[in-house]
Amino acid sequence: MRNRDEESAEQTETDAERRRRRAQFLRDLAEARELRDRVQPRRAKAARLRHAMRMRTFRW
């Protein structure tokens, strides 16, 4: 019985660590996108327009 409790505690810690790493990765990714948009404004504008067009033509 004790073994299961230990495994459960380890699994919970592993999940928490994975969520922390994922959150950090997503923050870094957003920061990189913002930097790229500042450095290449024309490409960023074109990407925004393409995304807007995709969203307008998307059918629910």
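**Exercise 1. Work out which residue forms a salt bridge with arginine 20, and how exposed the two partners are.**

Start with the pair: arginine 20 and glutamate 17 make a salt bridge, and their closest N and O atoms sit 2.9 Å apart. The rule here is a side-chain nitrogen of Lys or Arg within 4 Å of a carboxyl oxygen of Asp or Glu. Side chains of opposite charge can pair when their charged atoms come close.

Helices are DSSP runs of H or I with at least four residues, strands are runs of E with at least two, and numbering goes from the N terminus.

Arginine 20 has a relative accessible area of 46%, so it is partly exposed. Glutamate 17, at 33%, is partly exposed as well. (Buried is under 20%, exposed is over 50%, and partly exposed is in between, with a 1.4 Å probe and protein chains only.)

Finally, the count: the structure holds 1 salt bridge.

A word on the model: it is predicted, so local features need pLDDT of at least 70 and side-chain atom pairs pLDDT 80 or more, while totals for chains, interfaces and linings use all residues. Residues are numbered from 1 along each chain as its sequence is written, and side-chain values use heavy atoms, with hydrogens and water left out.

**Exercise 2. Find which arginines gather in the positive surface patch, and which element gives the largest share.**

List the members: Arg33, Arg36, Arg43, Arg50 and Arg54. Patch residues have over 30% relative accessible area and no salt bridge; like charges are joined within 9 Å, nonpolar side chains (Val, Leu, Ile, Met, Phe, Trp, Tyr) within 5 Å. Lys and Arg count as positive, Asp and Glu as negative, with His and chain ends not counted. For Arg, the charge is placed at CZ.

Then sort by element. Both α1 and α2 (41-57) give two or more residues, and α2 supplies the largest share, 3 residues.

Check one member: Arg54 lies in α2 and is exposed because its relative accessibility is 52%.

**Exercise 3. Describe the nonpolar surface patch and the chain that carries it.**

Phe25, Leu26 and Leu29 make a patch of about 260 Å², and Phe25 belongs to helix α1 (residues 2-39).

Zooming out, the chain has 2 helices and 0 strands. Of its 60 residues, 3% count as buried. Its accessible surface is about 6,400 Å², 53% of it from carbon and sulfur atoms; areas come from the Shrake-Rupley method with a 1.4 Å probe, and for residues only the protein chains shown count as cover.
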